[in-house]
Amino acid sequence: MEVNSYKDDLTATVQELSHAYEELSLLYRVSGMFASLSIDDICSRMLNEAIDSLGVRTAAVLFLDEKENVLHTKISRGTWDDRRVFTSDTKVLWRSIETRRPSAFCRIAETKYRNDIAGVRSLMVCPIQGKAKTIGAIVVADKEGDQEFFSHDTKLLMAISSQAGLSVENALLYNELEGLLVGAIKSLVKALEATSYWTAGHTERVTEYSLAIGQYLDLTGDILEKLKICSLLHDIGKIATPKEILNKDQCLTEEEWIEIRKHPGIGAEILGEMQQFNEVILGIKYHHEHWDGRKSIFGLKREEIPLLARILSVADTFDALTSDRPYRTKRRREDAIEEIRRCSGTQFDPAVVEAFLKWTDGATLQHQAP
Ligand SMILES: [Fe+2]
């Protein structure tokens with residue numbers, strides 16, 4: 001009798017330990033997994049983890065819209081309808097938001113919430129909390145084999161949602177900051193375009209050309225985004241170039257060229273404080289370097305020149321050739337393309353020129369950028 005009770009205790013302890021281990025290892029996985037992901041990615045991984053760890057057939061992440069006072073479905077799996085929006089009448093969900101506590105129902109049809117969510121038998125809801133506010137809730141429903149939800153299931157779901165909550169909050173803050181940054185970048189570009197009439201439109205076109213070349217080089221995601229910011233800001237250093245030089249309608253003197261050639265370095269200095277933009281800054285700093293190094297401002301050559309700068313160099317020159325300048329008229333598009341081709345291997349990286357030529361030829365892209 002005593003032995004049996006000892007065995008039961010041991011079994012219970014082992015079970016508890018194994019649950020604790022499961023929870024810890026999940027926490028470890030989840031915390032590393034969510035770092036530096038987009039909101040959609042975090043939500044998707046949160047759902048996959050919940051489905052795998054809890055063995056449920058249906059799961060959804062709901063985001064709280066404080067203005068409208070509704071919960072809307074951000075992402076779902078199983079029988080959940082992606083368009084579902086829940087007002088505060090859906091008490092089974094809202095009580096978790098209001099109390100900031102999880103709740104579980106094994107047979108929801110036998111509770112007063114039976115009409116709240118159609119098509120599920122059992123349900124567990126856990127709020128997703130950030131540091132500052134409630135972000136929404138994660139819902140799981142219908143365990144495989146029609147099993148009940150146990151307290152360790154609740155613990156697992158809470159572990160997933162608390163890690164994801166902080167990451168989602170960070171990602172939301174990051175998006176907000178990025179929006180502010182893009183606003184600041186646009187203001188800088190406008191300030192630059194106000195200094196010389198011919199630069200108006202140049203930035204936009206160079207950005208378009210750079211991104212096209214980037215896509216033909218199979219660049220995607222983050223690096224393409226950096227190329228965009230780099231292109232938008234590439235001539236920002238010209239803010240410090242005297243207006244008379246920028247708008248001069250005759251050929252520039254040697255001294256004036258020296259002045260103009262300072263703009264990549266000045267641009268890098270202006271943006272120097274933005275540590276997270278290091279690649280962008282280097283792209284700007286070296287966008288007038290030459291592939292063979294013979295006329296490089298900073299003496300770089302070949303792969304020493306960052307890829308963003310090598311792309312920018314081709315895009316910038318192509319726009320310069322096909323636009324009127326105060327001291328000369330523009331060239332025909334075909335002549336400009338020919339000039340870029342001629343300078344492949346001397347001024348420009350041959351691989352970038354090849355991508356440029358594919359784009360101007362209208363070749364089909366291998367991978368469409370998102
Ligand atoms: Fe430039």
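Which residue stands opposite Met 124 in strand 5? That would be Ala 104, and the views below start from there. This is a predicted model, so local features need pLDDT of at least 70 and side-chain atom pairs count only at pLDDT 80 or more, while totals for chains, interfaces and linings use all residues. Residue numbers start from 1 along each chain as its sequence is written.

**View 1. The whole chain, for orientation.** The protein chain has 13 helices and six strands; these are DSSP runs numbered from the N terminus, with helices being H or I of at least four residues and strands E of at least two. Of its 370 residues, 33% are buried. Here, buried means that 20 or more other C-beta atoms lie within 10 Å of a residue's own, exposed means 12 or fewer, and partly exposed is in between, with C-beta atoms placed from the backbone. Among contacts with a separation of 6 or more, 60% come from residues 24 or more positions apart; a contact is a pair of residues whose C-beta atoms, placed from the backbone, lie within 7 Å.

**View 2. Strand 5 and its two partners.** On one side, strand 5 pairs with strand 4 (residues 103-105) in the antiparallel sense over three bridges; strands count as paired if DSSP finds at least two bridges between them. Strand 6 also runs antiparallel to strand 5, joined by seven bridges, and Val 125 has Val 139 as its bridge partner there. Four residues sit between strand 5 and strand 6, and the two form a hairpin. Seven of the seven residues in strand 5 are buried. Leu 123, Val 125, Pro 127 and Gln 129 cover one face, and Met 124, Cys 126 and Ile 128 the other.

**View 3. Leu 93 in the largest nonpolar core.** This core has 41 residues, and those touching the most other members are Ala 50, Leu 93, Ala 137, Ile 138, Val 139 and Val 140. A nonpolar core is a set of buried Ala, Val, Leu, Ile, Met, Phe, Trp, Tyr and Cys residues joined through C-beta atoms within 7 Å. Beyond its neighbours within four places in sequence, Leu 93 contacts Leu 62, Leu 71, Phe 86, Val 125, Ala 137 and Val 139. Another core, of 38 residues, lies apart from this one and has Leu 219, Cys 230, Leu 233 and Ala 309 among its members.

**View 4. His 72 on strand 2.** His 72 belongs to strand 2 (residues 70-77). His 72 counts as partly exposed because 15 other C-beta atoms lie within 10 Å. Leaving aside neighbours within four places in sequence, its contacts are Leu 62, Phe 63, Asp 65 and Val 85. Val 61 is eleven residues away in sequence, and the C-alpha to C-alpha distance to His 72 is 8.5 Å.

**View 5. Helix 5 crossing helix 13.** The axes of helix 5 (residues 202-216) and helix 13 (residues 350-361) come within 8 Å and cross at roughly 105 degrees. The helices are therefore roughly perpendicular to each other. At the crossing, Ala 212, Ile 213 and Tyr 216 of helix 5 meet Val 352, Ala 355, Phe 356, Lys 358 and Trp 359 of helix 13. Axes are lines fitted to C-alpha atoms, for helices over the stretch in contact, with angles from 0 to 180 degrees between N-to-C directions; under 35 degrees is roughly parallel, over 145 roughly antiparallel, 65 to 115 roughly perpendicular and the rest oblique. Just after helix 5, Asp 218 takes a positive phi of about 65 degrees.

Definitions and conventions
Two residues are in contact if their C-beta atoms, placed from the backbone, lie within 7 Å. The expected span of a helix is 1.5 Å times one less than its number of residues.
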